[in-house]
Amino acid sequence: MKWLALVLVVINLCVWQLSDYTAVDVKLGSTAGGSLPRVASLKVQDGGAGSTAPVSSARECVRLGWIASLQVAEALKSHSALARAESVLLEEVERPLPSLHWVIIPPQPPSAALEQFREMQRRGVDSYLVTEGANRNAISLGLFESRRAAISVLEEKKSKNFNVVLVNFDRNQISYALAFESEPNLAEEMVQALEAGYGAEFDFVEFNRCESVATPENNP
């Protein structure tokens, strides 16, 4: 009986170990005997700690001027430095310049102005007859950037009994500017190349982040 009991204990131990081994084998069979999980399934899902948001490609908007000549402006627009730029535009701007100081004999009736002008020409006085504008039929005795120079001429003409006055001469000038888009790390290099082609520094150079045409607020 003792031997029979011992044999039964040994048989029970063997059966118990065999059942554990079979269970482990079944659990491993899904990977060891089947296909490995796809690589894509191992990636972190969007919005997880390891995800990275796409970086927007910012552009630099550059504007520079003033360029006095249309011919020079067009040449700069075709400069090789702008080969990598986008949206290259040539702007024409009428901008005011500082007024000049104008010494004139005030406007008169046409016949009187013409007669006095001819008399001054015979006497060798440097002058010309104004034929248009608000001061039509005035006689001009000089335009000056310097107010001091204008006053000097004014006093000299008054000493010769000319009825002269000093007025402002307003003026405008057509100027040109270039505007283009560039990658931020190239913008300053492009401006330097354009200044080298222009032969001088520009009056102004503006660098600004280009504004997006579409934004989430305006275009949901």
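User: In this structure, is Arg-122 buried or exposed?
Analyst: The model is a predicted one. Exposed means over 50% relative accessible area. Arg-122 has a relative accessibility of 62%, so the residue counts as exposed.

User: Which residue meets Arg-122 in a salt bridge?
Analyst: The two partners sit 3 residues apart in helix 3 (residues 110-122), a separation of about one helical turn. Their side chains meet at 2.6 Å, N to O, and the partner of Arg-122 is Glu-119.

User: How many residues apart in sequence are the parts that Glu-91 and Arg-63 tie together?
Analyst: The side chains of Glu-91 and Arg-63 form a salt bridge at 2.9 Å, N to O. Glu-91 belongs to strand 2 (residues 86-105) and Arg-63 to strand 1 (residues 60-67), so the pair links parts whose separation in sequence is 28 residues.

User: Is Lys-157 buried or exposed?
Analyst: Buried means under 20% relative accessible area. Lys-157 has 11%, so this residue is buried.

User: Which residues are joined into one network with Lys-157 by salt bridges that share partners?
Analyst: The side chain of Lys-157 meets that of Glu-156 in a salt bridge of 3.5 Å, N to O. Salt bridges with shared partners join Lys-157 into one network with Glu-156 and Lys-160.

User: How many salt bridges does a search of the whole structure find?
Analyst: Among them are the pair Glu-91 and Arg-63 and the pair Arg-122 and Glu-119. The number found in the whole structure is 6.

Conventions
Residues are numbered from 1 along each chain as its sequence is written. This is a predicted model: local features need pLDDT of at least 70, side-chain atom pairs count only at pLDDT 80 or more; totals for chains, interfaces and linings use all residues. Side-chain values use heavy atoms; hydrogens and water are left out. A salt bridge is a side-chain nitrogen of Lys or Arg within 4 Å of a carboxyl oxygen of Asp or Glu. Helices (H or I, at least four residues) and strands (E, at least two) are DSSP runs, numbered from the N terminus. Buried means under 20% relative accessible area, exposed over 50%, partly exposed in between (1.4 Å probe, protein chains only).
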